Amino acid sequence: MLLLTGGAASATEPTTSEVRSALCGPIAIPAQYGKDAAQGRQFLPIYSAIRYLHNDLFSVAVTISLRNPNPTHPLSVSSALLFGHQGEPLKDFIDGAPQVIPPLGAVELFLRNVDFPQHTGASMVLAWSGPAGVLPPVTESVMVGSKGSQGMAFNSRASELGPCR
């Protein structure tokens, strides 16, 4: 398992053209997957805080898990763009070569709530690829926080995005 953290020096703020390319441009596909490679993009809702009681914010940290359900083929993740609650790009967590998820393996991203404070409607868009015929990654986020004697935990699951229009 590979763990990438929100405070990592490799996470960079993407430019407008990088965002456009990551959302609608070609996906970086490693040569070993061939010309018929499978590819896709996933949309994942995440939260740095959630409102409770009288509109107070309850801060949470986020663990994002990308799991490869394929028993014999790797998957690659070429971008993991974090967007704020107004759709503004905040960080790209994949800087450089795509991250490979081995068969039945996982890649995790950890985001502290201080990395994107008060983004109650944040999201991440991830681009993946693999050999022809593979299943897409199973991508989930788990948000966990505590305040005094209270604790909160909840999760969300990514949806596969269709082609850009």
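Guide: Here is a short tour in questions and answers.

Guide: This is a predicted model, so local features need pLDDT of at least 70 and side-chain atom pairs count only at pLDDT 80 or more, while totals for chains, interfaces and linings use all residues. Residues are numbered from 1 along each chain as its sequence is written, and side-chain values use heavy atoms, with hydrogens and water left out.

Visitor: Why is Ser65 called buried?

Guide: Buried means under 20% relative accessible area, exposed over 50%, and partly exposed in between (1.4 Å probe, protein chains only). Ser65 has 8% relative accessibility, so Ser65 counts as buried. This residue sits in strand E5 (residues 61-67).

Visitor: What makes the link between the side chains of Ser65 and Arg67 a polar contact?

Guide: A polar contact is a pair of N or O atoms within 3.5 Å; within protein, one must be able to donate a hydrogen and the other to accept it, and residues adjacent in sequence count only if both atoms are side-chain atoms. The side chains of Ser65 and Arg67 make such a contact at 3.1 Å.

Visitor: Why are Asn55 and Leu104 called exposed?

Guide: Asn55 has a relative accessible area of 52%, so Asn55 is exposed. Leu104 is exposed as well, because its value is 60%. Asn55 lies in the loop between E3 and E4, and Leu104 in the loop between strand E8 (99-101) and strand E9 (106-111).

Visitor: What is phi in Asn55 and in Leu104?

Guide: Most residues other than glycine have a negative phi. Asn55 has a positive phi near 70 degrees, and Leu104 a positive phi near 60 degrees.

Visitor: How do you know that E3 and E4 pair?

Guide: Two strands pair if DSSP finds at least two bridges between them. Strand E3 (residues 49-52) and strand E4 (residues 56-59) have four bridges, in the antiparallel sense. In one of them, Tyr52 has Asp56 of E4 as its partner.

Visitor: Why is the pair of Tyr52 and Phe58 called edge-to-face?

Guide: The structure holds two aromatic pairs. Rings of Phe, Tyr and Trp (its six-membered ring) pair if their centres lie within 6.5 Å; planes under 30 degrees apart count as stacked, over 60 as edge-to-face and the rest as tilted. Tyr47 and Phe154 form an edge-to-face pair, with 5.5 Å centre to centre and 65 degrees between the planes. For Tyr52 and Phe58 the centres are 5.4 Å apart and the planes at 80 degrees, so this pair is edge-to-face. Tyr52 counts as buried because its relative accessibility is 17%, and Phe58 is buried with 2%.

Visitor: What makes a group of residues a nonpolar core, and which residues have the most contacts inside the largest one?

Guide: A nonpolar core is a set of buried Ala, Val, Leu, Ile, Met, Phe, Trp, Tyr and Cys residues joined through side-chain atoms within 4.5 Å. The largest has 23 residues, and those with the most contacts inside it are Ile46, Ile64, Leu82, Leu111 and Met124. E5, strand E6 (75-83), E9 and strand E10 (123-130) each supply at least two residues of this core.
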